[in-house]
Amino acid sequence: MILQELLNKVSVQQIIGDTNLPIKSICLDSREAEKDSLFIALPGSQVDGHQYIADAIALGSKAIICEKYPEHLATHVTYIQVSNVTQALGTIASNFYKNPSTKLKLVAVTGTSGKTSTVHLLYRLFRQLGYSVGMLSTIHNQINDQAFPSTLTTPNAIDINKALAQMVTAGCQFCFMEASSHAIVQNRLAGLELAGALFLNISHDHLDYHLTFDAYIQAKKKLFDELTANAFVLYNIDDKRGKIMIQNTRATTYSMAIQRPADFTAQVLANTWQGLELRIGGQNVWFQLLGTFNASNLLAAYATACLLGQPSQDILVALSSIKPITGRFQHIHTPKKPDVIIDYAHKPEALEKILLSIQQIRESAKQQGKIITIIGCGGNRDTQKRPMMARIAYKLSDQLILTSDNPRYEDPKAIIEEMKQGLRSAEQLKTITIIDRAEAIQAAYQMAQPADIILIAGKGHENYQEIAGIKYPLSDEEIVSKLMAV
């Protein structure tokens with residue numbers, strides 16, 4: 001592609017050099033530069049791409065996108081100065097891959113919790129309805145029935161557009177993607193044409209990055225502020241900040257709720273180990289997903305499908321056949337042994353929702369056993385939520401075991417001590433601490449009676465544990481399966 005074509009709709013401040021150049025590839029990492037490539041010097045929180053312009057040129061880059069020119073300009077290189085590289089990146093990436101988001105219906109889902117579950121529900125729903133579908137999610141990315149590894153909740157703009165282009169080539173008519181707050185403020189969705197966007201909820205999280213809760217709210221809101229008039233917004237008015245999200249949007253807005261009147265509503269009729277019964281779309285329907293919090297996710301998927309023109313009856317039939325997602329309120333049961341729930345909940349509100357749902361199911365089933373919760377907190381992440389997590393887990397469980405999550409570069413003992421600050425001295429004495437996660441799960445299983453319920457929270461689908469920068473194999477599900485097989 002010619003450089004001038006890549007700059008279409010990019011707000012350019014100044015150009016030094018020739019824009020009539022063939023560009024073979026675009027890159028953010030100077031080590032990926034090659035002959036006739038365009039290097040985009042992306043400013044980052046830890047590394048500034050401007051420092052690597054000379055390295056990219058040495059490997060063959062013929063054009064540079066930057067916010068400030070390097071001290072020495074190479075005569076054979078074209079330099080394009082822009083005021084915001086992250087914004088320009090999205091437009092350039094979209095142009096390079098021939099604007100794939102305009103060739104399918106792309107829907108973004110944001111919220112503190114429920115993004116992954118809702119995106120997976122939508123992907124599975126539309127596959128069952130007979131469509132070719134793509135998905136970008138925390139667990140993995142998907143093009144029809146082919147899965148690809150995922151490293152970030154929301155990839156960078158180049159990877160997003162590359163994936164969308166592959167989806168278009170594969171004939172996908174829809175794509176559903178998670179939109180994290182980090183991705184929104186870093187403009188990773190810039191240049192994309194969204195058919196719609198969903199707001200699920202917002203609660204305490206990512207303050208290590210956003211610093212204040214208000215900044216976190218504004219990060220989420222930015223997604224809706226930037227939608228076009230051709231898009232739709234589906235927002236949850238059960239969340240008190242739902243209406244804040246749509247204050248400045250140009251998109252057509254639709255509300256959803258479980259607890260109050262809205263454009264789309266659902267009522268929980270039953271919450272059992274066999275699934276959920278909801279009053280939705282004018283019908284009583286059984287779903288295989290567990291936990292009352294999943295009622296909101298099911299409603300979000302239902303409403304989105306309606307807004308995308310699908311018949312209500314077809315949607316409900318397809319949704320009712322969808323099985324629980326790995327690591328999201330995943331119920332493992334063997335007769336005469338305790339029930340085990342594995343869930344990704346690693347935020348205070350998500351953990352509270354899971355435990356309240358377990359209590360409701362226990363009461364509905366007239367199950368007399370205890371709730372034993374195993375929980376840790378990730379290292380090098382928001383430290384303010386650590387005592388909150390322990391407090392919630394202790395309050396809503398009969399026995400609490402504190403253990404390691406992904407300590408990353410922090411001391412796991414220190415993380416647990418910070419969690420304990422949410423407990424009174426007497427409560428700390430009743431709490432068990434086992435740093436080794438596998439040993440903690442084994443201890444919980446050995447102390448549990450057949451009527452008990454064990455919640456293993458925090459890691460969900462993850463099959464590794466990150467310690468000091470190294471990912472070691474560890475799967476909560478595999479550990480439980482081995483224990484149950486004995």
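Biologist: What makes a feature count here?

Modeller: The model is predicted, so local features need pLDDT of at least 70, side-chain atom pairs count only at pLDDT 80 or more, and totals for chains, interfaces and linings use all residues. Residues are numbered from 1 along each chain as its sequence is written, and side-chain values use heavy atoms, with hydrogens and water left out.

Biologist: What makes a run of residues a helix or a strand?

Modeller: Both are DSSP runs, numbered from the N terminus: a helix is H or I with at least four residues, a strand is E with at least two.

Biologist: How do you know that strands β4 and β5 pair?

Modeller: Two strands pair if DSSP finds at least two bridges between them. Four bridges join β4 (residues 61–66) to β5 (residues 78–82). That meets the rule, therefore they pair. The two strands run parallel. A63 stands opposite T78 in β5.

Biologist: Why are β1 and β2 called edge strands of the five-strand sheet?

Modeller: The open sheet has the order β1-β5-β4-β3-β2, with mixed pairing. β1 (12–16) and β2 (25–27) each have a single partner strand, so one side of each lacks a neighbour in the sheet. The twist averages 20° from one strand to the next.

Biologist: Which strands stand at the edges of the sheet of six strands?

Modeller: That open sheet runs β17-β18-β22-β19-β20-β21, again with mixed pairing. Its edges are β17 (330–332) and β21 (432–433), each with a single partner strand, so one side of each has no neighbour in the sheet. β20 (residues 399–402) pairs with β21 in the parallel sense over two bridges. I401 has I432 as its bridge partner in β21. Helix α14 (residues 412–420) lies across β19 (371–375), β20 and β21, at about 145° to β20.

Biologist: What joins β14 to β15?

Modeller: A hairpin does, through two residues. β14 (residues 264–272) and β15 (residues 275–280) pair in the antiparallel sense over six bridges. A266 has I280 as its bridge partner in β15. On the other hand, β13 (residues 252–257) and β14 pair in the parallel sense over two bridges. There, A257 has T265 as its bridge partner in β14.

Biologist: What do β23 and β24 form?

Modeller: They form a hairpin with two residues between them. Four bridges join β23 (residues 464–467) to β24 (residues 470–473), and the strands run antiparallel. I467 stands opposite I470 in β24. In the turn, A468 has a positive phi of about 50°.

Biologist: How do you know that α10 and α11 pack at an angle of about 145°?

Modeller: Axes are lines fitted to C-alpha atoms, for helices over the stretch in contact, and angles run from 0 to 180 degrees between N-to-C directions. For α10 (residues 293–307) and α11 (residues 312–320), that gives about 145°, with the axes 10 Å apart. Contact means heavy atoms within 4.5 Å. L298, A301, Y302, A305 and C306 of α10 make the contact with S312, I315, L316 and L319 of α11.

Biologist: What classes do those contact residues fall into?

Modeller: Eight are nonpolar, one is polar and none is charged. Ala, Val, Leu, Ile, Met, Phe, Trp, Tyr, Cys and Pro count as nonpolar, Asp, Glu, Lys and Arg as charged, and the others, Gly among them, as polar.
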